[in-house]
Amino acid sequence: MQVMVAMSGGVDSSVAAALLRDEGHDVIGVTLKLWGGDSDSGCCSVSDVDDARRVAAQLDIDHLVFNFAEDFDRDVVEPYVADHAMGITPNPCIECNRHLKFDRLMARADALGFDMVATGHHARIVHAQDGRLRLARGADLAKDQSYVIHMLTARQLERVLFPIGAMTKEEVRARAFALGLRTATKPDSQDVCFISHTGGGRRVFLGDRITMHAGRLVDEDGSELGGVDAVELVTIGQRRGLGIGIDGRPRYPLDVDVAERTVLVGSADALDVTGEMLHGFTWVDEIARARCASAEGLAAQASAHGDPIPVASVTETRAGVELAWVRPTRRVAPGQSVVVYDGDIVLGGGLVSRR
Amino acid sequence: MASYLDHAATGPMRPEAIEAMMPFLSERFANPSGAHRSARDARRAVDDAREELADLVGARPGDVVFTSGGTESDNLAIFGLGTGDGTAVTSASEHHAVLDPVESVGGRVVPVTRFGAVDEDELSRALGEGPVRVVSLMLVNNETGVISDLASLADVVRACAPSAVFHTDAVQGFCWTDIASACAPADAFSLSAHKFGGPKGVGALVVREGVPLVARQLGGGQERERRSGTQNVAGIVAMATAARLAAEDRSRELLRIAALRDRLLDGLLAAVPDAIETAGPDRSTRAAGIAHLCIPGVESEALLFLLERGEVSASAASSCASGAVQSSHVLDAMGVAPDLSRGSLRLSLGWSSTDTDVDEALAVIPPAVARLREFGL
């Protein structure tokens with residue numbers, strides 16, 4: 001098969017390319033240039049492209065760079081900034097996977113005559129009992145990335161390969177060592193790739209693009225507990241406390257009203273909710289959708305490496321998909337994704353709506 | 001057979017140039033600044049090359065400052081030419097080797113017209129905004145092949161900024177214009193050997209007598225204190241050889257290559273619906289070796305891949321350090337609509353180009369465009 005492998009310059013995609021080559025596929029490595037802005041810091045810097053190119057050379061496969069910076073700006077960075085301006089906390093990695101890796105890249109691979117697109121994600125594609133394709137957690141649960149690629153539909157899965165999904169990270173590194181790949185000891189990428197940590201992080205990145213507004217902290221009883229210097233940087237449900245209540249206990253953000261420059265806070269207990277409303281929900285397919293009629297055995301995950309939380313029901317309403325937790329659970333920030341699993345199998349996922 | 005249509009990026013060396021440089025990589029290896037017989041031998045080779053090149057481009061031997069190539073020559077020109085605290089002025093369609101230095105000194109950038117010519121009214125306005133030390137306007141645009149009317153531009157410069165030095169980046173011009181007459185209106189000009197059959201890593205800044213130049217690279221005082229560093233003797237010798245051959249062949253090659261270019265362009269315009277010639281239909285104002293098209297409804301990055309699979313090597317706009325295709329500042333400056341510039345394609349010919357190269361491009365490009373359009377890319 002002709003396979004286009006997305007190579008980030010990291011160890012996982014390096015080994016993915018190696019495995020495919022060893023299986024005898026006609027493999028070509030592609031590095032996506034996503035970000036060319038002033039704060040170019042992470043995933044697509046020239047040194048990462050160098051790593052990908054040199055690994056490809058070691059594997060004796062061709063390597064190309066696709067410039068998707070314009071798409072990345074439009075589909076990932078701009079929405080990221082716009083969401084924060086509204087007090088919403090998006091996950092740009094998910095949007096990048098949705099729009100760039102599994103939309104833009106797949107379309108291009110199609111047009112250029114490739115059969116499959118492969119990435120170095122820690123996730124597996126398995127056959128369900130009915131023979132349909134399902135996205136499943138990677139074998140290395142600590143590195144599992146099924147959450148950030150949950151939007152893949154069964155139809156897309158037919159065209160995707162995750163060659164290292166059945167390996168542990170340790171096995172991946174061992175393989176890279178055995179092959180003598182220069183990325184063997186390269187640390188995992190962290191955080192948001194387009195935000196430089198040396199350049200002041202999220203605060204500076206957003207501050208350069210939107211006006212930050214100082215705001216008041218208002219307790220549930222209406223009393224004012226001080227202020228924050230940027231309501232746009234407050235994440236609902238965040239674990240770091242904001243202010244101390246009249247009872248001497250820490251308060252946590254329950255809601256952000258950017259227009260009113262107000263952060264509603266409450267005690268740790270008040271953070272817990274009985275469920276979440278999700279919009280922009282993607283089902284893997286209709287069978288997966290039907291599976292949710294009974295929540296028996298279903299759990300949902302609200303962050304990349306968060307624990308799966310048992311679900312009492314998954315109900316489709318006009319407003320979106322309503323998820324009820326089995327027991328009160330810490331609220332998830334609007335804009336974050338919640339992914340529904342049946343065991344290790346992804347059924348679908350959506351974005352948390354504002355309350 | 002492969003069709004190489006990227007001569008504006010670089011081309012194969014002329015065999016005679018390779019032959020000429022070889023002795024200086026082996027037995028005639030000496031440093032021309034040395035004080036012994038073999039050093040004098042190397043020095044003589046550099047002097048001969050300098051005289052030959054100067055003669056070919058209408059300059060005096062002492063005007064020629066050998067450098068590492070076009071980019072260094074342009075940088076030396078922008079940072080080093082002229083006196084006083086005036087600024088630098090250039091046009092928006094220049095190569096980054098000029099544009100970036102000009103921007104780094106806070107210079108002024110003059111707009112160009114839809115067909116890539118420097119807007120003379122805007123130029124005179126920019127020159128009148130304050131003191132100007134150096135003006136740099138390229139002879140042949142590396143993307144579109146548009147040839148500037150340097151005589152007319154020089155008149156504007158002399159009239160509006162009489163004390164400014166007028167430099168031209170002539171890197172793309174050597175094969176397609178008679179440099180001696182084309183660059184006659186300029187006080188200084190940049191050349192690069194690998195654009196006319198010489199090796200990479202060698203070029204020259206030609207600076208006419210009396211034009212002030214402050215060195216940027218200090219050290220051993222080579223090139224009459226204007227560019228320190230041991231000369232690239234083999235490269236310089238090969239550059240002069242390639243220059244001689246290019247100049248000797250020029251009138252014949254211009255006709256041959258223009259005919260190939262016309263067949264290529266006419267064939268593509270006929271076979272690819274909606275394709276346009278980026279710099280307009282008048283090819284007489286463009287370098288014979290550069291064909292530039294915009295093909296709406298395709299992305300050049302994807303097109304280049306399909307061309308490569310069909311063994312046709314071409315280019316889109318400029319490439320960045322990572323090798324990714326970047327949007328073209330030249331096309332932006334010309335006001336080419338984004339849906340057109342997204343599908344830009346530069347096919348450039350050179351001394352080694354043949355009819356077969358054109359035939360293959362004509363066989364490969366139209367179906368590749370059709371495929372991408374079918375996929376909506």
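**Domains.** I looked up the domains of chain A in this predicted model and noted domain 1 (2-120 + 163-179), domain 2 (212-266) and domain 3 (272-352). The bounds come from an automatic or database domain assignment. Taken over C-alpha atoms, the centres of domain 2 and domain 3 of chain A are 27 Å apart.

**Conventions.** I number residues from 1 along each chain as its sequence is written, and chains are lettered from A and ligands numbered from 1 in the order in which they are written. Local features need pLDDT of at least 70 and side-chain atom pairs count only at pLDDT 80 or more, while totals for chains, interfaces and linings use all residues.

**Contact of chains A and B.** I counted two residues as in contact if their C-beta atoms, placed from the backbone, lie within 7 Å. Chain A gives 12 residues to the contact and chain B gives 14 residues. On the side of chain A, helix 2 (46-59), strand 3 (62-67) and helix 4 (92-111) each supply at least two residues. Helices (H or I, at least four residues) and strands (E, at least two) are DSSP runs, numbered from the N terminus.

**Positive phi.** Most residues other than glycine have a negative phi. I found A:Asp60 with phi near 60 degrees, in the loop between helix 2 and strand 3 of chain A. A:Asp60 counts as exposed because it has 8 C-beta neighbours inside 10 Å. I also found B:Asp274 with phi near 75 degrees, in the loop between helix 8 (233-271) and strand 9 (276-277) of chain B. B:Asp274 has 13 such neighbours, so it counts as partly exposed. The cut-offs, with C-beta atoms placed from the backbone, are 20 or more others within 10 Å for buried, 12 or fewer for exposed, and in between for partly exposed.
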